[in-house]
Amino acid sequence: MAEYWGINVEDIFNSMKDRFRPEGATDVTASFGYDIREEGKWKVSVFHGTLAAVEKIDNLSGCVATMVTDGETFVGVNTGTVDATNAFMGGKVKVEGDMGAFGRTGRMFRKYVPPRKEMSTRDYLVDMFGTVESRFKKDAARDLDFIITIEVSGDAGGVWSVIIKNQSCTVVNDRVDNPTVTLEVADKDWVDLTLGKTDAQTLLAAGRGSVRGDIAIAMKWGEIFEKYVDPMGGGEPEQELLVLKKTISVGQKFSTGPIMGKFLNGLKAKKILANKCPKCGRMQLPAREICADCRVRVTDFVEVGPKGQVRYMEYVYYASPDPLTGETRETPYGMVNILLDGCTGNDTFAHLIRRDQIDLIKNGRDDTPGTRVRPVWNEKRVGSIFDIQHFEIDE
Amino acid sequence: MSKKAEQSESFIVEGKLALPYAYFAGRVGSTFITTIRDQKKIMGVRCPACGTVYVPPRQVCDKDFTDIRNNWVTLGNSGTVVNFTVVRYDDRHLPRTAPFVLALIKLDGADTPFMHILEEVAPENVKIGMRVEATFAAKTTNTILDIDHFKPAPEKVRMTTERPEAGRKAWTPGDEPEMQEKRRGGKPDMSTPVIITAALTGAATMKNQNPAVPYTPAEFAEEANKCWKAGAAMVHVHARADNGMATHEHDRIRATHDAIKEKCPGLIVNLSSAVGMGKTAEQRISQIVAVRPEMASLNTNTMNFSIIDRKTGKIFIDYVFENTFTMLQDFGKAMEENGVKPEIECYDMGGLDNIMLVAKQGFFTYPMNFNFVWGVAGGQAFRAESFIAMMNALPPKANFTTCGVGTEEFPCIMQSCLLGGHMRVGLEDNIRMPNGEFAKGSWELVEVAVRIAECLGRSVATPDEARMIMGLKKK
Amino acid sequence: MAHRKKNRNVGIIGIGQTKHSSHREDVNQPEMIHEAVSAALTDANLTMKDIDCIVHGNMELFEMVHQPDLWHTLGTGAYGKECIRITTGGTVGMTIACASDNLVASGLYDIVMAVGFEKLQEGHTTGGITNMADPLWFRNLQTGALTGSKAYELISEFGEERAKRASMMYRIIMDKHAGLNQYAHRSFGLEFEQLDDLIKSSPKLVGDLKLIEMCSQSDGACAVIFACEKKTKELSRHPVWIRDHITVHKEEVFQIFGYHKDYPVLQSHRFAADQLYKRNNIDKPLEYFDVFEMYDPASWWAVDWLRDFFQLRGDEHIMLVEEKEIMIDGKMPINPSGGVIGSNPIGATALIRVAEAALQIRGDAGKHQIPKPVKHALASGFGGTMWTVLMMLEKELNWQEADNGGILGNQR
């Protein structure tokens, strides 16, 4: 099984039981399939909010949704190395079946964190001196010619010599003749020093360690070597970045004005009143004070409809929360542009269509009529767009 | 069908705008808030180009557009109110119910004021210039309200802990060579603890100049106690009537003296034998004899003791402070006979010479304790060389302390401390801190003296050490 | 349209932008703006002292911050300077460029910096857009900036397969361009082989508008420094000249195409392009311009608008896409930056069009630099209910001759 960033696909599945969050799975009873190319298929079953089974299985029948992807993407998404949205948008991850249901799996599991292997002091020392040459900054060592010998005491200790000459750096795990400066330090202290957990001044002040020879040379260490990167990822913890979430909610009042007022009052009386431009003759729905094309005042009202034909329907799969209520409409729904009887051309009226009829609507175009629709009026009408509940097919 | 719209068709529709949003604090803002939350520390950033310290911190100095994000400085959690407003209406977006105070607070060490809620003080008692400190929220919101509010700062941190000498070994007089010799050689004895005296009232400083001036015995006791806690070994007292006027009434003076002694039994109380303007010689000395404090002031010359506009020279009150040789002799004898150690007040070299003439009669006990007073309108102004001349004129084994009027307080006590002498501060002499802000009490000026002693490496004398130094008998 | 000659010429002398991203938790608004402003100042080798006026632009309601220009002073550098805030919807980035041009051309200021920004992760974009509509009527129905109507129209005209493939082809080309732009927000590494697959698999938003075809929601900022001719010549080694710009708005109506051939709906893009080219004597825009940075909020619209902006007929615009002539090395490179589909910090988006077009003329676009020389660039802004702003940029300050039958006369 292939490894990606040191992790294989099975690691992800095997750890699911530990990573399961019951609070993210309340009321869920479903099986989810994972089809990982060249790796195999897994079926994850949740029963009444508990993780019932994670099985490697060939048959994914009965799953509400199946994720299809490759091993690298799968591991990447689960470890946060690959952006899940990008992988999905870019077609690297596909979901077959109920997309919405599958979305819940994101909340069911904690992120996969690979188990860390401990590093001993000896491991660190070897890694630290092993990376000295690669951390050498050539440009910072111009005109420098010296040898630093580091005598590391303690069980993990040893002697290393770092030879800087002609802008090159060599490290030997031994003493060399005539070092410019010799440092004496305990194994753990050297590790802490290199990891930045302590500093040389503190150690020397505490009598832990000594410097023999040209101390000025020893001070150059930080300038001529890149900082050691802890393979365990320690050091500076990632800063906590605050994100404050709020909802602004302010009451508003709108004056309808006489034109819109008359239009809305018309709805209250089950009448749809268009106002007609005296110049171009277009019918405005809802009514407007002027015709923006002709720049003339439009005061004459004409009752139109209430039935008409659909000219175009927006088939809405994705609904954002309604900014007025904070509620999200159920999807899919249809927003229709209706050419009410008595109107011509583009004088359409926008409203909603009965939800169960969205798949039956035919758009009209040019001289081809669209589906005939009629308004469904509310019992209680207040002078609002929703005095009409929605339109429905007029059979 | 054609109809026209009428104005009457217009009506009002109730609407609402409800939108979720987020605010990303960013690295600088997050550091600021999480430090408040986790470490109860308020941090600002200093612009390396113009030196301005901003709080709340920002990434860029708006004056010179320098990137300042990494120049963090820790500020005090207390500061000074530079402006405030009282919110007197209620609205759901407000953090408190009305009335509450929103104050602009300049934190110690910051250059920009910082707005927050000021509580635990009635709105009518909020004053520009008042000291306030942060109270941190018990529960975090990851916002600036992790500081729950600011409140009036009580005594500074030192006041709630122990006196400055706490924990050190008590000082005992050793067999040092004659101090005077040392002084003359320009090598003051810095090993002697420095005695800090708090002059709580004087005869003329009133509450309208600084509200911390005590009038009642209880206020004296409270203020004396604060000074004692801050590091004073002695308080100098001019008792006051309830209306603030200096009094020679024995009962009031005794009540004041006793209230202080009751509150802080160890503290040395030094009563004034001047009392206030226009008192007779008898009024001035009889109260000393009656109350018998450990120490009392003894003034050394008849002099102008006036109130004059320091800028224009205009005379407000012209007054002659009478201290004839007879009075020097009578007061001095009365004190010594009653076990009251005189603190000899010298307003100039002539006063010192006066006392030395009378001293030839031999009734003063040694060591003699002098106080060099600077800046009285009628006495000499502070000059460093005058100070040294005065010091060099002292008799053997004499101690000296000093006090100065107004801003002269600080240089003169510092010089005294530097030369091995002692220090007197307090609202009698000066009502402001070195930065010009009103002192919150004599105790805050005592703290300044303590800091001076600390800077010079001198320990602060306990009252008992002060007694040893000045030759007092504890009562 | 009434139009007068400029009082004096205006050049672009500094350009800066942030990396556009949906993860800018590390900075607040002024801090993010500061990144772009600093980059523009560095680019122009100027300091804030040299800037006479700042024109600040972003969307209303998107971050729920009132008067952002006030607290953005820390980022814009407007402390003690003239600062003007403009907000005109999606076009705002272009409007601040036009305003800066006008402010300098008028002689009021010698050097003006336009700063556009948005942090869409901090707000609710669709909610904000929806609140633009009539509160008594359309606000109740609107779905933000999402509409499937353009897809419907293209499908009606060119057939389902051809239309869908053209839209997705455009989308993949933009992704490839974004991959070359270090500042772009989204680049998925799409391949042409995925075209049919993506048509099937990408979730639908509204009608045939699919998730992948819609623009991103980004955090980012852009700053562009404009200077008068004298200063431009003094300060810039490779100036870009603003030749002309046009703004066309339309009434608040969401009907953006006609339902009946006998009742045509005025297209603001077409109208703007016609007016602009006419007064600049440009007969064949497709031949005249070397690059077009278009405000392309969705691939369907982008494909359709090519016809309007370049005054094309029939299916010429579809063919441009199908034959990949809009790619960076094609006949008319469109959005070598990856466009709005690649990065969309809305208040900055239209300004980025100007910035990217200018970078192409300077030859400083880096990996997404067009291989052929760029002398004439076009940039567009879009917003509101089909509002249009177009700006023409030039490498040489020689178009005045054109009016007398100069260089443009040659191509007639």
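Good morning, colleagues. The secondary structure of chain C consists of 16 helices and eleven strands, where helices (H or I, at least four residues) and strands (E, at least two) are DSSP runs numbered from the N terminus. This is a predicted model, in which local features need pLDDT of at least 70 and side-chain atom pairs count only at pLDDT 80 or more, while totals for chains, interfaces and linings use all residues. Residues are numbered from 1 along each chain as its sequence is written, and chains are lettered from A and ligands numbered from 1 in the order in which they are written.

I shall stay with chain C for a moment. Of its 412 residues, 60% are buried; a residue is buried if 20 or more other C-beta atoms lie within 10 Å of its own, exposed if 12 or fewer, and partly exposed in between, with C-beta atoms placed from the backbone. Among the contacts in chain C with a separation of 6 or more, 80% join residues 24 or more positions apart. Two residues are in contact if their C-beta atoms, placed from the backbone, lie within 7 Å.

How many residues of strand E7 of chain C are buried? Ten of the ten residues in E7(C), which spans 219-228, are buried. Asp219(C), Ala221(C), Ala223(C), Ile225(C) and Ala227(C) point one way from the strand, whereas Gly220(C), Cys222(C), Val224(C), Phe226(C) and Cys228(C) point the other way. In general, the side chains of a regular strand alternate between the two faces of the sheet.

E7(C) also has partner strands; two strands pair if DSSP finds at least two bridges between them. Strand E1 (residues 10-17) of chain C runs antiparallel to E7(C) and is joined to it by seven bridges. Strand E4 (residues 111-119) of chain C is likewise antiparallel to E7(C), with nine bridges.

Next, the interfaces. Chain C places 26 residues in contact with 20 residues of chain B. On the chain C side, helix H1 (29-44), helix H3 (73-76) and helix H5 (125-130) each supply at least two residues, and H3(C) gives the most, with three. By class, this side of chain C has eight nonpolar, eleven polar and seven charged residues. Here Ala, Val, Leu, Ile, Met, Phe, Trp, Tyr, Cys and Pro count as nonpolar, Asp, Glu, Lys and Arg as charged, and the others, Gly among them, as polar.

The contact between chain A and chain C takes 38 residues from chain A and 46 from chain C. Which element provides the largest share of the chain A side? E19(A) does, with five residues. Other elements giving two or more residues include helix H4 (84-89) and helix H13 (257-268) of chain A. The chain A side divides into 23 nonpolar, ten polar and five charged residues.

I turn now to chain B. Chain B averages a pLDDT of 87, and 93% of its residues score at least 70; pLDDT is the predictor's confidence in each residue, from 0 to 100. Over residues 157-161 of chain B the pLDDT is below 50, and this stretch has seven contacts in the model beyond near neighbours in sequence. Where pLDDT is low, the predicted coordinates should not be read in detail.

Chain B contains an open sheet of eight strands, in the order E20-E19-E18-E13-E12-E11-E10-E21, with parallel pairing. Strand E20 (399-404) and strand E21 (423-425) of chain B are at the edges with a single partner strand each, so one side of each has no neighbour in the sheet. The twist averages 25° from one strand to the next. Within this sheet, strand E13 (residues 295-299) of chain B pairs with strand E18 (residues 341-346) of chain B over five bridges in the parallel sense, and Ala296(B) has Pro342(B) as its bridge partner.

Helix H10(B) lies across E19, E20 and E21 of chain B and runs at about 165° to E20(B). Axes are lines fitted to C-alpha atoms, for helices over the stretch in contact, and angles run from 0 to 180 degrees between N-to-C directions. The axes of H10(B) (residues 409-418) and H11(B) (residues 442-455) come within 10 Å and cross at roughly 40°. Phe410(B), Ile413(B), Met414(B) and Cys417(B) of H10(B) meet Val448(B), Ala449(B), Ile452(B) and Ala453(B) of H11(B). This helix contact has eight nonpolar, no polar and no charged residues. Thank you for your attention.
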